[in-house]
Amino acid sequence: MTTYLNRADVQKALNAEPTQWQMCGFLNPNVIYNVELKSMIPLYQKYIANTNYKILHYSGDADTIVNFVGTETWIESLNRPVTKVHQGWYYPQEWPKAGGKQLGGWRQVWDRIAFVTVKGAGHMVPMDQPAPALQLLKDYLSGAV
């Protein structure tokens, strides 16, 4: 993943400042965290106020690092109008039979932000549940979320 994220064309496509990414936490013993716990809410408020983009925020429902309940709570504190009340979302399941659907998790959508859980995923959703994560990305890019 770091090799991909360090490519200049990928950083340009993501509108990211040129940087050199590296693995963090237990995967890289050379990284030492200086933890500052600051709220991200003001940044989300600023982003919502100054752009027209829609935000997708997802969490694994088995994430023991950043629990989805806390995430949903701070999103609700933004006091945005709800456009879709809690509902299940699905992804294609090709086994045991083609054309099946499987519950991917739950979602709630506000006017500018969607919060989605992914069943059975921990902190690293695409690694833990690749098929639902891919469907979630497709749904977001197509405007379905």
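# Close-up views of a predicted model

**View 1. Four strands make up an open sheet in the order 1-4-3-2, with mixed pairing.** The edge strands are strand 1 and strand 2, each of which pairs on one side only. On average, neighbouring strands of this sheet are turned by 25° against each other, direction ignored. Helix 6 (residues 130–142) packs on the sheet and touches strand 1, strand 2 and strand 4. The direction of helix 6 makes about 130° with that of strand 2. The model shown here and in the other views is predicted.

**View 2. Strand 1 (residues 55–60) runs parallel to strand 4 (residues 113–118), and six bridges join them.** Ile55 has Ile113 of strand 4 as its bridge partner. Further along, His57 is partnered by Phe115 in strand 4, and Gly60 stands opposite Val118 in strand 4. Strand 1 is mostly covered, with five of its six residues buried.

**View 3. Strand 4 is covered on both faces.** Ile113, Phe115 and Thr117 lie on one side, Ala114, Val116 and Val118 lie on the other, and all are buried. On the side of strand 3, strand 4 pairs in the antiparallel sense over three bridges. A hairpin through two residues joins strand 3 to strand 4.

**View 4. Gln108 is a buried residue, with a relative accessible area of 7%.** Gln108 is found in strand 3 (residues 100–110) and stands opposite Phe115 in strand 4. The side chain of Gln108 makes a polar contact of 3.1 Å with the side chain of His86. Leaving aside neighbours within four places in sequence, Gln108 is in contact with Val82, Lys84, Val85, His86, Ile113, Ala114 and Phe115. Gln108 counts as buried because its relative accessible area of 7% falls under the 20% cut-off.

**View 5. Thr83 of strand 2 (residues 82–93) has contacts with Val109, Trp110 and Asp111, leaving aside neighbours within four places in sequence.** The side chain of Thr83 reaches the backbone oxygen of Trp110 at 3.5 Å. Thr83 and Arg112 are 29 residues apart along the chain, and their C-alpha atoms are separated by 9.3 Å. Val109, in turn, is in contact with Val82, Thr83, Lys84 and Ala114, again leaving aside neighbours within four places in sequence.

**View 6. The largest nonpolar core has 12 residues.** They are Leu56, Trp89, Tyr91, Val109, Ala114, Val116, Val118, Ala121, Val125, Ala133, Leu136 and Val145. Strand 2, strand 4 and helix 6 each supply at least two residues of this core. The largest share, three residues, comes from strand 4. A second, separate core has nine residues, including Tyr44, Ile48, Ile55 and Trp110.

**View 7. Helix 4 (residues 68–76) has Thr71, Glu72, Trp74 and Ile75 as its buried residues.** Seen down the axis of helix 4, these buried residues fall within an arc of 165°, so they line one face of the helix. Their cover includes helix 3 (41–50), strand 1, strand 2, strand 3 and strand 4. At the start of helix 4, a side-chain oxygen of Asn67 reaches to within 2.7 Å of the backbone nitrogen of Val69.

**View 8. Arg7 lies in the loop between helix 1 (2–5) and helix 2 (8–13).** Arg7 is partly exposed, with a relative accessible area of 39%. The side chains of Arg7 and Asp9 are joined by a polar contact of 2.6 Å. Arg7 and Trp21 are 14 residues apart in sequence, and their C-alpha atoms are 9.7 Å apart in space.

How values were computed:
Residues numbered from 1 in each chain as written. Predicted model: local features only at pLDDT ≥ 70, side-chain atom pairs only at ≥ 80, totals over all residues. Heavy atoms only, no water. Contact = heavy atoms within 4.5 Å. Polar contact = N/O pair within 3.5 Å; in protein donor to acceptor, adjacent residues only side chain to side chain. Buried < 20%, exposed > 50% of the residue type's maximum accessible area, 1.4 Å probe, protein only. Pairing = 2+ DSSP bridges. Axes fitted to C-alpha atoms, helices over the stretch in contact; angles between N-to-C directions. Core = buried A, V, L, I, M, F, W, Y, C linked by side-chain atoms within 4.5 Å. Arc of directions from axis to C-beta.
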